[in-house]
Amino acid sequence: MLFLVAALLLLGVAMGTVAHAPISVSLVAAAVIGVWLVVFTIRERHSRRQP
C-alpha cells in the first residue's frame, strides 16, 4: 500500500511537468504508467487466486 502512495505522489509531481513536456513525451509516459497498472492488476488477481 505504501508503494501505491509513493507512486501516486510521483504521478502528481509528473503531472505538474506534463504541461511543460512535448505531447509525445506525455503520451509515452501515460502508456508506461498504464502498462504498469495493468501488470500490477494482473499480478494482484493472480496472487489472490492461489491459496
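Select serine 26 to start: at 15% relative accessibility it counts as buried, where buried means under 20% relative accessible area, exposed means over 50% and partly exposed lies in between, with a 1.4 Å probe and protein chains only. Serine 26 is found in helix α2. Helices here are DSSP runs of H or I with at least four residues, strands are runs of E with at least two, and both are numbered from the N terminus. Show the neighbours of serine 26: leaving out residues up to four places away in sequence, serine 26 touches Val18 and Ala21, a contact being heavy atoms within 4.5 Å.

A note on what is on screen. This is a predicted model, in which local features need pLDDT of at least 70 and side-chain atom pairs count only at pLDDT 80 or more, while totals for chains, interfaces and linings use all residues. Residues are numbered from 1 along each chain as its sequence is written, and side-chain values use heavy atoms, with hydrogens and water left out.

Zoom out to the whole chain. The protein has two helices and zero strands. Its C-alpha trace spans about 45 × 20 × 5 Å along the principal axes. The radius of gyration is 14 Å, whereas a compact globule of 51 residues would have one near 10 Å; the radius is taken over C-alpha atoms, and the globule rule is 2.2 Å times the number of residues to the power 0.38. Buried residues make up 2% of the 51 residues. With areas from the Shrake-Rupley method (1.4 Å probe; for residues, only the protein chains shown count as cover), the protein exposes about 4,700 Å², and carbon and sulfur atoms supply 75% of it.

Next, select the aromatic rings. How many aromatic pairs does the structure hold? There are two. Rings of Phe, Tyr and Trp (its six-membered ring) pair if their centres lie within 6.5 Å; planes under 30 degrees apart count as stacked, over 60 as edge-to-face and the rest as tilted. Phenylalanine 3 and tryptophan 36 form a tilted pair, at 5.8 Å centre to centre with 55° between the planes. This pair links distant parts of the chain, with phenylalanine 3 in helix α1 (residues 2-18) and tryptophan 36 in helix α2 (residues 23-49), 33 residues apart. Phenylalanine 3 is exposed, at a relative accessible area of 55%, whereas tryptophan 36 is partly exposed at 33%.

Phenylalanine 40 is partly exposed, with 28% relative accessibility. Ring pairs link Phe3, Trp36 and Phe40 into a cluster.

Now colour the nonpolar surface. Phe3, Leu8, Leu11, Met15, Val18, Ile33, Trp36 and Leu37 form a nonpolar patch with about 730 Å² of accessible area together. Patches are made of residues with over 30% relative accessible area and no salt bridge, joining like charges within 9 Å and nonpolar side chains (Val, Leu, Ile, Met, Phe, Trp, Tyr) within 5 Å; a salt bridge is a side-chain nitrogen of Lys or Arg within 4 Å of a carboxyl oxygen of Asp or Glu. The elements giving two or more residues to this patch are α1 and α2, and α1 gives the most, with five residues.

Last stop: glycine 34, in helix α2. Glycine 34 is partly exposed, at a relative accessible area of 30%. Draw a distance from glycine 34 to leucine 4: the two are 30 residues apart in sequence and 14 Å apart in space, C-alpha to C-alpha.
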